[in-house]
Amino acid sequence: MPLSTKAKRIAACSAVLVAVIIFITVRFLSQPAPPAVAVPPSVQLLESRLVGRKDGQRQWEILSRSVLQEGELVTLGDLEEMVVFQDQEPYLNIEAPRAQWNRKTEVLRLYGPVLVVGEQDNFQLESDYLEWLGSSATLVSPGPVRILWSGMEIEAAEMGMDTEKGLVHLSGGVQIRDGGLLWKLEEAVYDLQAESMDFFGNVILEEEAGSD
Amino acid sequence: MIRKLIVPSLLVVLLVAAPAVCWAQGDTGKLEIIGAPPELSTGRYDRQAGIFSADVTGIEGALVQVTFEEVKIVGQKMEWRTDDDYLIFTTGATLTKEDFTLTAETIEYYGDANKLKGQGSVVVVTEDATVYSDTFDYDEETDQAVFIGNVRVVFEDGELTGEKFVMFLETSELQFFGAFQGLFNTED
């Protein structure tokens, strides 16, 4: 029995309606509901090499077994290799179990024990905690630090190293042993390139026996 | 009564008890900057050149002090060349050892040569005499202290003035060169 025109239209509309319902069901209802609270996207990577750049120039490079990114924070665990560059050349090699990089503030926190070994002059630095301030290219130890450099042994309660200017700012119970000379002072600024030290406040310099 | 004596080219030997200023090699020394607030720069050490310099002239109450065995030098501005152990104090300095005191505008110590020099308003005070002069040179090898220029030796019984005067510290002898003038206190 041939269908009337009206019946054909009703059948066509029904078919379209069914198709739309099926599409909506498959497209939306079959997927899990979105979370009620927004969570920042996080990504965990394994065996990654991270490179920090400033003005297009490589500042540091890290090889890490574990990288967890949460927003602006990048947490690095099981660090295998960390190199700080100066003028595109390796400047400092750093050993630390854990680090955290804030991309927004450009602060790299190194959790100790931290060992920094320089490419030149037998530079070595030990601290329990270090901060690398990318914006000013400064390495900061807010706590006790011990430095071996070019035959000198340096200890201080705090340290800030401006790697661009090559200045090391030492403060608090500073002791510098240089050959037969032992310096005791409260504050000093060491110029690594000029190999000179400006000191502030009171100073004690002892020449140890048998140093001649 | 004071009797005035003018004797040209006369050798005078006086007994003056003064200990030798001896800086023995191999002994330990200590340099201190004291009385300086922590925020003020007090000096610099140039490691390449081996020069330590300190200047506290602008800091009230601050001093630079070097102690070497029994010898102590105090001043406000100094420089120490570590390579040849040369030390110079300027802007008023005082060296003391036991009862020997040297004050001068500039005091220099030549460690390698074992020599000590004082320049400008030199005053040396010993147990028995005070000597004023323009310059003072002490050589540890010869144990001679040479005073030159406007020399005046003041002791208990009078004073002597001249242009050059040598003090042998170990033997406690004094020697005048050239013309000198003596003023002595004598009892009537």
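How many residues does the contact take from chain B and from chain A? Select them and you'll have 27 residues from chain B and 27 residues from chain A. Keep in mind as you look around that this is a predicted model.

Now show the surface. Chain B and chain A bury about 2,200 Å² between them, and 46% of that area is on carbon and sulfur atoms. For chain B, click on R44(B), Y45(B) and R47(B): these lose the most area to chain A, and together they make up 30% of what that side buries.

Stay on R44(B) and bring up D198(A). The two form a salt bridge, with their closest N and O atoms 2.8 Å apart. The count of salt bridges between chain B and chain A is three. Polar contacts are there to look for too: 14 residue pairs across the interface, with both residues at pLDDT 80 or more.

Next, switch to cartoon view and pick out strand 2 (29–34), strand 3 (41–46) and strand 4 (51–55) of chain B. Those are the elements that give two or more residues to the side touching chain A. Color that side by class and you'll get eleven nonpolar, ten polar and six charged residues.

Last stop: strand 14 of chain A, residues 196–207. Which way does this strand pair with strand 2 of chain B, and over how many bridges? The pairing is antiparallel, over five bridges.

Key: Residues are numbered from 1 along each chain as its sequence is written. Chains are lettered from A and ligands numbered from 1 in the order in which they are written. This is a predicted model: local features need pLDDT of at least 70, side-chain atom pairs count only at pLDDT 80 or more; totals for chains, interfaces and linings use all residues. Side-chain values use heavy atoms; hydrogens and water are left out. Contact means heavy atoms within 4.5 Å. Buried area is the accessible area (1.4 Å probe) that two parts lose on being put together, summed over both. A salt bridge is a side-chain nitrogen of Lys or Arg within 4 Å of a carboxyl oxygen of Asp or Glu. A polar contact is a pair of N or O atoms within 3.5 Å; within protein, one must be able to donate a hydrogen and the other to accept it, and residues adjacent in sequence count only if both atoms are side-chain atoms. Helices (H or I, at least four residues) and strands (E, at least two) are DSSP runs, numbered from the N terminus. Ala, Val, Leu, Ile, Met, Phe, Trp, Tyr, Cys and Pro count as nonpolar, Asp, Glu, Lys and Arg as charged, and the others, Gly among them, as polar. Two strands pair if DSSP finds at least two bridges between them.
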